2 protein chains.
Amino acid sequence: MPVFQETSYNDRDLRVNPTKEPPLPRLTSQPPLSTGGEDEKYEVIIIGAGPAGMMCTLMLARYGLGDTIVCYDAKPGTLKAGQADGLQPRTLEVLKSLDVVDEILNHGCHMSEVAFWNPKRNTSPDDAPGIERTSFAPDVAVAARYKHEVTIHQGRIERILESNLNHYAPDCIHRNARFIDFQMDEVGDTEFPVKVEIELEDVVGAKTRKAVRAKYLVGADGAHSVVRRRMGLDLVGETTDHIWGVVDFVVETDFPDIRKRCAIHSDAGSVMIIPRERIQGGGYLTRLYVQTTEEVSVEGLEQNVEGEKQMSKMRRGRITLDSILKQAQRVFEPYEIGLKDGTHVDWWAAYQIGQRMTPKFSLKDSNGQPRIFIVGDACHTHSPKAGQAGPTILSTYEDERLEIAKMLIEFDTNFSSMFSGKVHSDKNVEGLTHDQFLKVFRDGNGFTSGCGIEYSPGVLVQHPAPEDYPIYGDNYLNGVLRPGRRLLDSVVLRYADANRRHLQDDFPSNGRFRILVFTAFDLCEKDGSSSQAVNQICQDLIPVFPSSTIELVVLHPFSERKFEWGDIQPSIKKYAEMKFHGPADEGLYATYGVNDRAGAAAVIRPDGYVGMVTSLQGISQVEEYLARCLVKVEHDQLSPQV
Amino acid sequence: MPVFQETSYNDRDLRVNPTKEPPLPRLTSQPPLSTGGEDEKYEVIIIGAGPAGMMCTLMLARYGLGDTIVCYDAKPGTLKAGQADGLQPRTLEVLKSLDVVDEILNHGCHMSEVAFWNPKRNTSPDDAPGIERTSFAPDVAVAARYKHEVTIHQGRIERILESNLNHYAPDCIHRNARFIDFQMDEVGDTEFPVKVEIELEDVVGAKTRKAVRAKYLVGADGAHSVVRRRMGLDLVGETTDHIWGVVDFVVETDFPDIRKRCAIHSDAGSVMIIPRERIQGGGYLTRLYVQTTEEVSVEGLEQNVEGEKQMSKMRRGRITLDSILKQAQRVFEPYEIGLKDGTHVDWWAAYQIGQRMTPKFSLKDSNGQPRIFIVGDACHTHSPKAGQAGPTILSTYEDERLEIAKMLIEFDTNFSSMFSGKVHSDKNVEGLTHDQFLKVFRDGNGFTSGCGIEYSPGVLVQHPAPEDYPIYGDNYLNGVLRPGRRLLDSVVLRYADANRRHLQDDFPSNGRFRILVFTAFDLCEKDGSSSQAVNQICQDLIPVFPSSTIELVVLHPFSERKFEWGDIQPSIKKYAEMKFHGPADEGLYATYGVNDRAGAAAVIRPDGYVGMVTSLQGISQVEEYLARCLVKVEHDQLSPQV
């Protein structure tokens with residue numbers, strides 16, 4: 001097209017660079033922090049740049065604290081070891097809310113189905129023993145946006161998180177910086193009471209120490225956490241006798257289900273198959289967890305602690321890559337499994353199953369305010385087959401996560417010992433039956449997928465009085481709204497542009513609370529309950545909280561287009577023009593347990609969890625809930641909101 | 001988990017970095033090119049790093065030529081102007097095949113629906129004139145993976161393409177490097193006959209010239225292409241009198257369909273609304289194309305060429321941002337439209353509609369081999385409302401693309417003059433009726449979406465003899481296989497891991513040809529037609545072509561799991577373990593027009609287009625087709641294939 005006149009006004013970078021979430025508003029006038037030099041101060045110091053520390057740092061940076069936080073990591077670069085390569089459905093939802101899930105979905109391995117293999121039944125004495133497939137089951141049995149797990153290299157996940165972090169806070173990870181100790185020094189600085197000592201190593205290996213201060217300290221420094229030890233906490237729990245080997249390699253096999261997650265119980269022992277992603281070069285990795293069976297003679301070893309330790313050590317010493325692969329071959333009989341020609345094993349390890357956790361996740365100052373936190377493996381370790389991840393919530397962190405961690409430890413203890421045990425077969429009449437095993441697997445799915453987690457009532461989780469409860473049904477795993485559980489995704493049809501959208505995409509992880517209003521069939525009535533509720537939210541509620549901290553998302557129950565913008569409460573267009581949706585197919589309201597003649601309102605927390613639920617008549621309770629979570633603004637600070 | 005033994009073998013970067021497509025094998029022993037210094041030589045030189053040149057460079061780099069190509073761009077950085085911000089459904093499919101579509105889908109604006117507005121009917125003389133909505137229509141009316149267009153800033157698309165290019169060939173774009181001229185000098189160097197003169201500008205603005213040589217030269221240097229001019233070609237065509245203004249801004253309006261694509265015809269003129277993406281800061285951009293109506297007195301201007309030019313110039317001079325917005329307001333009556341408070345216009349321009357193209361897209365050497373090509377706007381310009389993009393195919397490039405370009409020019413001529421005209425209304429009895437307009441819009445959808453393009457028979461498009469034709473139906477727009485058209489996407493269920501997958505994801509853009517086999521119900525019969533066809537492909541056909549250049553994708557018609565790997569031809573697992581799928585729901589074979597009792601085979605070209613189709617008995621024709629596209633390997637070069 002011949003253009004004869006062209007004028008451009010805005011900063012090009014704003015249109016060209018990756019989208020960034022807007023920071024939260026800062027209410028206090030933050031004194032410029034000295035993030036260098038003698039008197040270094042930060043709002044938050046994070047120790048450890050693994051997945052837990054990186055996620056914590058990324059969240060804080062997205063919320064707008066990028067300039068005032070620092071993450072110290074003792075290592076010179078990103079991950080060198082560590083193979084926590086599985087992502088659960090809820091973790092994928094969280095990564096989506098951070099806009100970092102695409103590469104993981106495109107290039108990770110999706111596990112959609114599990115195959116269960118058990119000792120062959122009905123064999124005659126002449127038959128060779130062996131295994132047979134008992135059944136298939138969906139890998140994810142609960143409602144979730146992604147109906148599968150994903151496996152992909154942990155280092156790749158960290159690289160993806162770090163490259164997103166770089167959009168928000170490019171310089172906040174300091175490497176070659178080892179945490180030494182902390183002190184709670186409220187006298188020296190009431191605002192920044194946490195004094196942290198860090199040892200820096202320069203390129204030639206020379207070490208220097210420095211002291212920095214912070215409001216808060218987060219220990220994400222792994223199972224051997226020094227922060228935890230300096231807090232005076234230990235990991236408490238048991239390590240079982242079960243020794244497992246784990247190996248990643250490109251297999252050559254005639255076992256038919258090698259690309260599915262498999263639980264194999266044979267008379268020779270147990271193996272779990274975790275298919276992995278395609279690697280550069282074209283092959284697909286497979287991970288095997290192999291229960292080892294090395295028996296060690298106890299002769300000459302006394303039955304005491306010393307003797308047990310030594311026995312363990314002897315048993316461990318017998319585990320080699322070769323012994324793991326040979327044992328796997330015994331379990332797979334009559335199928336053959338081995339390393340593909342021309343390839344070599346990618347990684348292998350041996351470990352003892354143990355479930356250990358600390359009794360506390362945080363430490364308070366003299367005013368009772370929690371100042372030091374531990375997250376991730378620093379809090380608990382467990383077998384690698386029930387891995388979890390979850391976001392961090394500051395003030396209620398310990399209340400909510402400690403309970404979930406206990407549940408995780410308990411589940412993992414049962415699941416892994418059951419898996420390490422034998423299944424009932426012709427030869428083994430004492431083991432679990434397959435149906436018993438399957439039941440534990442299925443019942444655990446809400447928990448292991450991360451989609452069935454329910455936080456207990458507390459500051460951030462409020463159950464309504466029974467008379468105000470607008471929700472019917474109790475199929476919470478399939479989406480029925482329940483305070484303490486995450487908001488299930490749905491496909492909706494946006495009114496403004498007729499696009500099919502994922503409801504969860506209106507809840508990006510940027511620190512905002514949202515009010516989700518299910519309007520009723522009276523939406524077009526000027527004085528109906530729907531209009532009144534929306535009006536109350538927009539006129540009385542949103543303006544009394546700091547600008548942009550509360551967003552509005554509105555659903556309507558009409559499956560056909562029955563109204564124009566002019567027919568409904570104008571606040572909906574003003575506050576939620578692009579967050580106003582109807583059903584993309586039948587059943588939207590029923591999924592959430594909302595009656596479309598009565599409607600409902602829910603507060604969705606910044607982490608995507610339902611904080612509270614109320615009827616359209618109970619909006620004042622929404623305000624009470626939010627007033628406990630957020631400060632209100634003074635009247636003279638009120639400014640026009642959009 | 002307490003790990004007591006851990007060993008890692010492979011290069012970590014291979015597991016952590018973004019996935020790269022494997023390069024094509026190089027058959028000739030390429031002498032190391034001197035890509036610097038006195039005797040600089042490249043396989044391909046690309047002029048221009050806009051979308052067309054960047055796409056061409058990216059493709060070549062992905063095919064493995066990254067070290068031996070160079071792209072020169074006269075400008076110092078990426079896009080400063082240029083607002084080709086719309087992506088058609090087929091373009092999105094191509095971007096997906098390049099693994100660069102996610103950010104575009106996540107952050108672009110999706111246009112799913114079009115609203116048609118026309119002058120109010122049945123108005124009484126007392127009524128104010130105005131417009132009313134006549135109907136909605138889906139924006140994409142043909143079968144496609146993405147049922148919408150996307151709008152997103154062109155500079156962002158270029159940044160995304162360049163960052164993908166950087167994985168393959170980080171240094172191949174040279175900026176501040178202006179193309180001056182080329183010479184075909186076959187005497188000086190028969191292998192690198194294209195001699196190119198480039199002017200380099202250093203940081204202080206000093207200019208130097210140098211000569212470089214190449215096998216091929218691609219001119220992607222835009223509507224004012226210097227490569228084209230040096231080829232002795234002109235853009236031929238017409239510029240109409242229609243003057244349009246275009247403006248991007250955040251609107252404040254009570255017009256109800258502002259977030260949808262709209263074609264508005266009022267008695268005051270025409271406007272097209274193109275909703276745009278959300279921008280940093282939270283607003284959503286809207287683009288308006290506004291037909292201007294400035295009338296210019298012709299007094300004193302003679303009716304000759306000079307006079308016309310001057311009149312055009314006068315008319316153009318009257319177009320200002322203000323005049324465009326005022327005219328838009330007249331068309332929108334009785335609705336109000338204006339700039340949102342606190343924002344300012346992002347960009348505006350004025351242009352005359354014109355459709356121009358060159359009669360040739362390439363230039364041959366004395367042996368008849370094409371050596372110089374032009375692509376993108378260098379070939380044709382048209383109105384911005386029917387934009388297209390397409391991949392580049394070397395040897396058949398001119399044959400296929402010249403014809404499509406002519407169709408584009410013709411379509412755009414009709415469509416844009418129709419859109420610039422008036423619609424029949426009470427006041428205007430001569431215009432098109434709305435139904436006529438809608439018909440042109442719908443009929444054009446296969447073309448404008450890019451999904452209905454059909455290349456004519458030629459080297460790369462071969463229609464089978466009627467007796468061998470295994471396809472029924474002719475609903476090509478909805479997926480029926482047709483040589484010359486792109487392979488429609490479908491959701492399939494992968495046999496190996498029970499994952500739901502997109503069939504198009506087995507056809508990434510990495511230069512490979514693929515044979516897509518629709519096996520028949522006789523799949524499990526050892527001597528059935530399906531087994532024989534697969535066997536013939538794997539044993540006789542794939543091995544005679546260079547290693548890895550031909551891939552196998554296999555479909556089966558069983559909607560339930562009816563067989564084990566051991567029940568089918570072993571070649572399927574060996575060659576297509578992870579590219580072997582069944583229907584995810586009913587109708588998979590019917591979509592492609594394949595009878596599930598007979599089966600079929602198709603060759604899919606590297607650009608995703610169907611090259612040829614044949615019955616399972618006609619595999620020898622597949623070999624003949626491929627032998628025309630690829631060299632065969634000598635027998636002693638044969639090596640084991642996987």
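Student: What does "buried" mean here?
Tutor: A residue is called buried when its relative accessible area is under 20%. Please keep in mind that this is a predicted model.

Student: Then is Trp117(A) buried or exposed?
Tutor: Trp117(A) has a relative accessible area of 2%, and because the cut-off is under 20%, Trp117(A) counts as buried.

Student: Changing topic, how many aromatic pairs are there over all chains?
Tutor: The search of the whole structure gives 32 aromatic pairs. One of them joins Trp117(A) and Tyr335(A), with ring centres 5.6 Å apart. Their planes stand at 90 degrees, so this pair is edge-to-face.

Student: Where do Trp117(A) and Tyr335(A) lie?
Tutor: Trp117(A) belongs to strand S6 of chain A, while Tyr335(A) is in the loop between helix H8 and strand S18. The pair therefore ties together parts that are 218 residues apart in sequence.

Student: And how are the rings of Tyr216(B) and Phe373(B) arranged?
Tutor: Their centres are 6.5 Å apart and their planes are at 45 degrees, so the pair is tilted. Tyr216(B) is in strand S12 and Phe373(B) in strand S21 of chain B, 157 residues apart. Tyr216(B) is buried at 17%, and Phe373(B) is buried at 4%.

Student: Which residues form an aromatic cluster with Trp565(A)?
Tutor: Tyr495(A), Phe521(A), Phe558(A), Phe563(A) and Phe580(A) form one cluster with Trp565(A).

Student: What lies over the face of Trp565(A)?
Tutor: Lys573(A) does, at 5.9 Å from the ring centre.

Definitions and conventions
Residues numbered from 1 in each chain as written. Chains lettered and ligands numbered in written order. Predicted model: local features only at pLDDT ≥ 70, side-chain atom pairs only at ≥ 80, totals over all residues. Heavy atoms only, no water. Phe/Tyr/Trp six-rings, centres within 6.5 Å; stacked < 30°, edge-to-face > 60°. Helix = DSSP H or I, 4+ residues; strand = E, 2+ residues; numbered from the N terminus. Buried < 20%, exposed > 50% of the residue type's maximum accessible area, 1.4 Å probe, protein only. Lys NZ or Arg CZ within 6 Å of the ring centre and 35° of its normal.
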